[in-house]
Amino acid sequence: MSTQQTFDYIIVGAGSAGCVIANRLSADRNARVLLIEAGSKDANPLFRLPMLMGKLFQSGIYNWGYHTEPEPFLNDRSLYWPRGKVLGGTSTINGMIYVRGNRNDYDRWAQMGLPGWSYDEVLPAFRRSEGHIQRQDEFHNADGELTVCRARGVNPMHDVFVDAGVVAGHRRNDDFNGENQEGVGKFDFNIRAGKRWSTSFAFLRPAMARENLTVETGALTEKILVENGRAVGITVTVNGQTRKIHAEREVIISAGTVNSPQLLMLSGIGPADELRQHDIETVVDLPGVGKNMQDHVDCVMAWECTRPVSLYKDLRADRILVSLAQGMMFGEGVATTFPYESGAFLKSSAGQIAPDIQLHFMPALESTANLYIPNPFRKRDPNVVNHGFSLRVGPVNPQSRGEITLRSANPNDAPKIQANYLKSKFDIDTMITGIAMARDIIAQKPMAPFRGKELAPGADLENDSEITSWLRANAMTTFHPVGTCKMGKDTMAVVNEKLKVRGVEGLRVADASIMPIISSGNTNAPAIMIGEKMAEIIQEERSDDR
C-alpha cells in the first residue's frame, strides 16, 4: 500500500459512482485523491465479454456473494445478491443495460424538498458522462467517457417481440432514455467495440495516469475516523496490516447499497439501539442508516420456442469456444451481446403518470442466460425443452421496504440483508397485471410462428390466488438494491441534498444507497449520475470558497 498517509479526499469504493468521483476530483491537479477498493483489479479478460455476465454473477471471485436472510414473503427463500468486489464494482459484472429512469422519478425527489435533483437538473449529469455511439440530441451526448450503444445482437426474436408489443397496442419506443420512457423496444448498453465498458475502463483507467490519484485494491475499510464531529480519515486493512489514513478535506463513501450503511454503522453512525447490540459506541444516532432498502423484484415467465432460433443454438459446446475467441479478438459475434436486449416499460392502467412495469425479453431460457453450455453430442431428451424464450416481469416502483443491519462488529462479517420482497400487496397486484400484459404480448400474431407451450408460470395458472402462490415460490431480484442511506429532510434521512451525512462534517455518501425512491428501471446509469452530481457539488463548493 502507498506510504502516503494523508490525502485531501478519500473515496471508499471503486464502483459505479466511486470511479466517476475519482476521475472528476483528480482532474484538479492540486487535489490529492485516494480511491480505496476492497476487491481486486479488473485484469481478467473474461470481464470484457458481455455474454459472460451470467458466469461473473455466479462467480465468488469478483463479487461479495451476499445472500438475503430467509425472505418471509417468499416462502422463506434466501436470495443470492451478487455485488461487484473489483475495480468498477457491479458495473464490471452486471448486464450493462443503460437505463436512466423516468423523468417522474427525479421530479419526485425534488418535490421531497431536494433541490438540484429534478429531472431537468440531473439530465446534464447524465449527458456529461455519456458517449453515445449512435445518438446525439437534447437527451444524449456523444463525447463523454461512458460509451453507450444500441442493442447490437442479430437474433430475430427481439424484433418479433417488439412487433408483437406494438400489435398489442403499445407504442414502439426507439429510445427508453429519450423524451418518453413508455413503450416496447430495445435497450441501450454500455458496450464498446463488442467489449464491456465498465466505469473502471471509462473513468478510472484514464485517470490513473495522474500523479495525484492513488488507487489501492485489496484494501478493506473498517472504520471512518471521527474527531470532534468531523470525519478525519479511515482505518483500512491490507494483507492483515491495519493503517490509519488521514483526509484533510473529506471522506466520501461509495461502497454501495450494502457496504455503505455497514461502514457507517461500524463507525458508530446509525441507529443507536442497534449499535449497542454490537457494543459499538454511538457517534451519531441516525435511525435511517440501513433502512428504506428497495429493490426491483421480478419473475421469469418462459415459453417453448417452436423454431430453432433461440440462443441455445449459439451456445452449444461446439460453437461457444469459437464465439468467445471471435469476441475477444474481433469484438464480434454472439459473445459480444447481452441476451436481454429488448423489453418494455408499460403502464398497468391508463391513469398512471409513468410506466410502472418493466419487461426484459430474452430469446432463450434462463439456463442459457447463465451460460449453460449444451453438449450437441448427447442423446436428446424429449422431455427437456432446449429452445425457448423468457420474459422477466416486475414493478419499477415497488412499495415493499427492507433493511441492512449488522451481523456483528467484525468488518469481515457480511451484514444481514432483509429485502421483504412482496410484503406489499401493491407489488403483488402490479406483478399479476404485468404477467397478464406479458401474456397478451406473446399471444399476438407476430409471435405465433415461434410460440409454444407456456412453461412458467403455466397456462393453467390463471386466478390471482394461484399466481400469487407461484410468485411467492419463484419471484426473484433484478439486482437493483438502493436506498439504505437515503437523501432527504425527514428524521430517517441519512444525507442531505448535498449528500452530506447528517451530524458529521467532512463525510458524504454517493452511490445508489442515497436514492430516496428507486429509479424506474436498471440502476447502474443513475448510480453513475450520482457520482457525477457528487463531484459537481464538491467542485462548486470549492469554487465558492476561493
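Ile-428, Met-431, Ile-432, Ile-435 and Arg-439 of helix 11 meet Asp-464, Ile-467, Thr-468, Trp-470, Leu-471 and Arg-472 of helix 12. By class, this contact between helix 11 and helix 12 comprises seven nonpolar residues, one polar residue and three charged residues. The model is a predicted one.

**Packing of helices 11 and 12**

- Helix 11 spans residues 425–442 and packs against helix 12 at an angle of about 105 degrees, the two axes lying 10 Å apart.
- Helix 11 and helix 12 are therefore roughly perpendicular to each other, since angles of 65 to 115 degrees fall in that class.

**Packing of helices 3 and 4**

- Helix 3 (residues 103–111) packs with helix 4 (residues 119–129) at an angle of about 120 degrees, with 8 Å between their axes.
- That angle makes helix 3 oblique to helix 4, because the roughly perpendicular class covers 65 to 115 degrees and the roughly antiparallel class holds angles over 145.
- Helix 3 contributes Arg-103, Tyr-106 and Asp-107 to the contact, while helix 4 contributes Tyr-119, Asp-120, Val-122 and Phe-126.
- The residues of this contact of helix 3 with helix 4 comprise four nonpolar, no polar and three charged.

- Four strands form an open sheet in the order 5-9-7-6, and their pairing is mixed.
- Strand 5 (97–98) and strand 6 (130–132) are the edge strands, each pairing on one side only.
- Strand 6 pairs with strand 7 (residues 146–150) in the parallel sense, over three bridges.
- Opposite Thr-147 in strand 7 stands Gly-131.
- Helix 4 lies across strand 5, strand 6 and strand 7, and runs at about 60 degrees to strand 6.

**Cavities**

- The model holds three cavities of 30 Å³ or more.
- The largest cavity has a volume of about 60 Å³.
- The lining of the largest cavity consists of His-296, Val-297, Asp-298, Gln-358, His-360, Arg-392, Val-393, Gly-394, Pro-395, Val-396, Thr-478 and His-480.
- At least two of the lining residues of the largest cavity come from each of strand 18 (297–305), strand 20 (357–362) and strand 21 (388–395).
- Strand 21 gives the largest share of that lining, namely four residues.
- The lining of the largest cavity divides into four nonpolar, six polar and two charged residues.
- By class, the lining of the second largest cavity has six nonpolar, three polar and two charged residues.

- Strand 15 (241–253), strand 26 (507–509) and helix 13 (524–545) are the elements that give two or more residues to the lining of the second largest pocket.
- Helix 13 supplies the largest share of the lining of this second largest pocket, with four residues.
- The lining of the second largest pocket comprises five nonpolar, three polar and ten charged residues.

**Backbone features**

- The peptide bond from Ala-456 to Pro-457 is cis, and its omega is near 0 degrees.
- Pro-457 is placed in the loop between strand 24 (451–456) and helix 12 (464–474).
- Asp-279, a residue other than glycine, has a positive phi, near 55 degrees.
- Asp-279 is placed in the loop between helix 8 (272–277) and strand 17 (284–285).

How values were computed: Residues numbered from 1 in each chain as written. Predicted model: local features only at pLDDT ≥ 70, side-chain atom pairs only at ≥ 80, totals over all residues. Heavy atoms only, no water. Axes fitted to C-alpha atoms, helices over the stretch in contact; angles between N-to-C directions. Parallel < 35°, antiparallel > 145°, perpendicular 65-115°, else oblique. Contact = heavy atoms within 4.5 Å. Nonpolar A, V, L, I, M, F, W, Y, C, P; charged D, E, K, R; others polar. Pairing = 2+ DSSP bridges. 1 Å grid on protein atoms, 1.4 Å probe; cavity = no way out; pocket = protein on both sides within 12 Å on 5 of 7 lines; lining within 4 Å. Points joined across faces, edges and corners; volume = space filled by probe spheres on them.
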